[in-house]
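Here is a friendly walk through one protein chain, meant to be read with the model open beside you. Have a look at the sequence and the structure first, and then we can go through the details together.

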Amino acid sequence: MSDMRSKTFLSDWFRKHMPTREQMGRNKYLQPIAHRFLSPELWRFTRRSVPRGVALGLFAAFIVPLGQIFLAAFLALPARANVPLAAAVTFVTNPFTFPFWLVVANKVGATVLNIDAAVGGGAASEIAHDRGALAGFFELAGLTAFGFVVLAVVGAAAGHLIAGFIWRNLVMRKRKQRLGAMEETAGLPGAEDR
């Protein structure tokens, strides 16, 4: 790893904890696509790649319950998104938080589809009760699956906007600090002699 500091703490932290491109290039599972996957532009933290990486990571986290890291990494290839960030963001859904997201997805699916209001107050639960437990289970699973799709799309869009806003503010703050330091240096006597 290089000891070079970047513009933000977050990119330094990811650079320190994520495997290097060389380590991933030696991975036997990635060798067939290593030439594309290890392109340096996919590992840089830029104003365009960071929001794309966050959006793809959130999309993959909610759309696929297993293997979301690989999905996020493969989606990052054509989108030219930051691969390590896309993989790291998928940890929003992990074994500890998954029960919470199941409940949220079920509530979102029920709210968006609003089955009870469309059929009539409480009619959907009566129909499911009349058909039996299996029909109720499939209704619950369908609502939850639809809720995950909604969370994936809305989460990706919100993640892209929020990450872009945070990235822009961090870079602007760092730029102001540099300009302030340059002005202080220029204002010192003898600064022209340096």
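## Ground rules

A residue is called buried when its relative accessible area is under 20%, exposed when it is over 50%, and partly exposed in between, using a 1.4 Å probe and protein chains only. At 18% relative accessibility, Trp-101 therefore counts as buried. You will meet this residue again below.

The model is predicted: local features need pLDDT of at least 70 and side-chain atom pairs count only at pLDDT 80 or more, while totals for chains, interfaces and linings use all residues. Residues are numbered from 1 along each chain as its sequence is written, and side-chain values use heavy atoms, with hydrogens and water left out.

## The overall picture

The protein chain has 10 helices and zero strands. Helices here are DSSP runs of H or I with at least four residues, strands are runs of E with at least two, and both are numbered from the N terminus. Of the 194 residues in the protein chain, 34% are buried.

Two residues are in contact when they have heavy atoms within 4.5 Å. Taking contacts between residues at least 6 apart in sequence, 65% join residues at least 24 apart.

Helix H7 covers residues 98-113. The expected span of a helix is 1.5 Å times one less than its number of residues. For the 16 residues of H7 this comes to 22 Å, and the end C-alpha atoms are 22 Å apart, which agrees.

Which residues of H7 are buried? They are Trp-101, Ala-105, Asn-106 and Gly-109. These residues cover an arc of only 140° around the axis, which puts them on the same side of H7; the arc is that of the directions from the helix axis to the C-beta atoms. The face turned away from this buried side carries the exposed residues Phe-100, Lys-107 and Thr-111. Just after H7, Asn-114 takes a positive phi of about 50°.

## Two nonpolar cores

A nonpolar core is a set of buried Ala, Val, Leu, Ile, Met, Phe, Trp, Tyr and Cys residues joined through side-chain atoms within 4.5 Å. The largest one has 15 residues, of which Val-54, Phe-62, Phe-148 and Leu-151 touch the most other members. Helix H4 (49-63), helix H6 (83-89), H7 and helix H10 (133-187) each supply at least two residues of this core. H10 gives the most, with six residues. A second, separate core has nine residues, including Leu-42, Trp-43, Ala-76 and Val-83.

Leaving aside neighbours within four places in sequence, Leu-151 is in contact with Phe-62, Trp-101, Val-104, Ala-105, Val-108 and Ala-156. Gly-159 also lies in helix H10 and is buried, with a relative accessible area of 8%. Not counting residues up to four places away in sequence, Gly-159 touches Val-54 and Leu-58. The C-alpha atoms of Gly-159 and Arg-52 are 8.7 Å apart, although 107 residues separate the two along the chain.

## Aromatic pairs

Rings of Phe, Tyr and Trp (its six-membered ring) pair if their centres lie within 6.5 Å; planes under 30 degrees apart count as stacked, over 60 as edge-to-face and the rest as tilted. By this rule there are three aromatic pairs. Phe-98 and Phe-148 have ring centres 5.8 Å apart and planes at 10°, so the pair is stacked. Phe-98 lies in helix H7 and Phe-148 in helix H10, so the pair ties together parts that are 50 residues apart in sequence. Phe-98 is partly exposed at 26% relative accessibility, whereas Phe-148 is buried at 11%.

Phe-100 and Trp-101 form an edge-to-face pair, 5.1 Å centre to centre with 70° between the planes. Ring pairs also link Phe-62, Phe-100 and Trp-101 into a cluster.

## Two residues around helix H5

Gln-68 is found in helix H5 (residues 68-79) and counts as buried, at 10% relative accessibility. Its side chain reaches the backbone oxygen of Thr-93 at 3.1 Å. Leaving aside neighbours within four places in sequence, Gln-68 is in contact with Ala-60, Ala-61, Thr-90 and Thr-93.

Arg-80 is found in the loop between H5 and H6. Most residues other than glycine have a negative phi. Arg-80 has a positive phi of about 55° although it is not a glycine, and it is partly exposed, with a relative accessible area of 47%.

Key. Polar contact = N/O pair within 3.5 Å; in protein donor to acceptor, adjacent residues only side chain to side chain.
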